[in-house]
Amino acid sequence: MKTLYLHIGTPKTATSSIQKFLKENWDVLQKHGYFFPESLHMYPGVNARRNAHFLVGKVQNEKGERDKKKETIYLKEGLQQIRDAFENYDHVILTDESIWYCLSYGKKTLLYDLKKEADEQNYQIKVIVYLRRQDKFLLSRWNQSVKQRTSHVSEMPCDQYFKMTQEKNEKIYQYDKKLDEIAKVIGKENLIVRRFVPESWRDGSIIHDFMHEIGMDVTSEFQELEENVNLRLDKNTTEIKRILNQESEFSEKEISYMGKYLKEISKTYIEKDTTEMLSKEELQQFLKKYEEGNYRVAEKYMKEEGPLFSDKIKDLPKWSPQNEGMLEEVILFFSKFMIDLKRTNDLQKNQIKDLKTELRKTETEFKVFQNKVRHPFRTILKRIFR
């Protein structure tokens, strides 16, 4: 039976890397009967490789108001794209990490509607979801929000976000309940649940693991990714970025420009960190709420006994913005920023200098030309008697 693979995240489980791999190996996938559709429309702040975003994406008109009519049009076009794809391929792959959240808050009926479409068009839906331990999921979501400056959350200190998200977004951390809701619609046998834990991945690779779950193993035909996509910021650069996010005078383009230097710094410092954003006691209390549900997930959806995740929590001091390394990273950030501006300025000065030299040369040649035009006979005589 033809199969629609719907990869729904969760957020910060290497979804960007998976999407990039699928895009870069588009031709190979098609050769083996798998189709990874291109996004028909662009959404602000959403990478085009998130080709399932038409299922949940919000559209705004010229006035900045939500345009539900256009959302419906985009949805119908996306569904038609799937129908057309199944005319030539047995497997279609859609992916968007925001679906996990939307199933709880934005579009609770999404799977019911999609299942109805699948039944009418005679194809099956398999949902793929990667889960990471709830504390890591929470902290990575906060880090991503700060990095991308997506909403008011990007200005929140971690402690404030930790409290807020438990009060308002509790459902997305209740893995067992959410998986039960999904299985109720598409069937337990069509729900693929994997851990976001490298030790559990096929060949130790998230890419190889994902491809294996959709029925294909990565061979030499495929082009492997050179590096991970969408790396997080380290704790100090996240704090610098959070402060920058609060400045309303900075445009998105300017914030993004400064952000690239923070990413460069993070590559050096992210492995050196010996702190946690939350205390050991806070983490233990938080994880305790999901312990029983996680056991159910392991048993029901992975057919395993024991815990879904390791309960090990590092006994590290809680991070503080007044830590010893902060000043060093702040100095390095502004140094890189200023040096780049100087180099750009020097390059522009040299370009202007070269343009001025070229302009003077052109002016001289033009004067010679003018002189020849004014005295054509003298020029001809000179050539004759030269």
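Biologist: Where does Lys267 lie?

Modeller: Helices here are DSSP runs of H or I with at least four residues, strands are runs of E with at least two, and both are numbered from the N terminus. Lys267 lies in helix α11. Before going on, note that this is a predicted model: local features need pLDDT of at least 70, side-chain atom pairs count only at pLDDT 80 or more, and totals for chains, interfaces and linings use all residues. Residues are numbered from 1 along each chain as its sequence is written, and side-chain values use heavy atoms, with hydrogens and water left out.

Biologist: Is Lys267 buried or exposed?

Modeller: Buried means under 20% relative accessible area, exposed means over 50%, and partly exposed is in between, with a 1.4 Å probe and protein chains only. Lys267 has 60% relative accessibility, so it counts as exposed. Its C-alpha atom is separated by 9.1 Å from that of Arg232, which is 35 residues apart from Lys267 along the chain.

Biologist: How do I read the length of helix α11?

Modeller: The expected span of a helix is 1.5 Å times one less than its number of residues. Helix α11 covers residues 252–269, 18 residues in total. From first C-alpha to last, α11 reaches 25 Å, close to the expected 26 Å.

Biologist: Which residues of α11 are buried?

Modeller: Start with the general idea. An α-helix has 3.6 residues a turn, so residues three or four places apart point the same way. In α11 the buried residues are Ile255, Met258, Gly259, Tyr261, Leu262, Ile265, Ser266 and Tyr269.

Biologist: Let us turn to backbone angles. What is usual?

Modeller: Most residues other than glycine have a negative phi, and most peptide bonds are trans. Now the cases here. The peptide bond from Gly9 to Thr10 is cis, with omega near 5 degrees. Thr10 sits in the loop between β1 and α1. Ala14 is in the loop between β1 and α1, and its phi is positive, about 65 degrees, although it is not a glycine.

Biologist: Where is Asn122?

Modeller: Asn122 is in the loop between α5 (110–121) and β4 (124–131). Its phi is positive too, near 65 degrees. Asn122 counts as exposed because its relative accessibility is 53%.

Biologist: What does Thr13 touch?

Modeller: Contact means heavy atoms within 4.5 Å. Not counting residues up to four places away in sequence, Thr13 touches Tyr130, Arg132, Phe196 and Ile206. Thr13 is in the loop between β1 (3–7) and α1. It counts as buried because its relative accessibility is 0%.

Biologist: And which residues is Asn25 in contact with?

Modeller: Phe222 and Gln223, leaving aside neighbours of Asn25 within four places in sequence. Asn25 is in the loop between α1 (15–24) and α2 (26–31). At 2% relative accessibility, Asn25 counts as buried.

Biologist: Now the whole chain. How many helices and strands does it have?

Modeller: The chain has 15 helices and 5 strands.

Biologist: How much of the chain is buried?

Modeller: Of its 386 residues, 46% count as buried.
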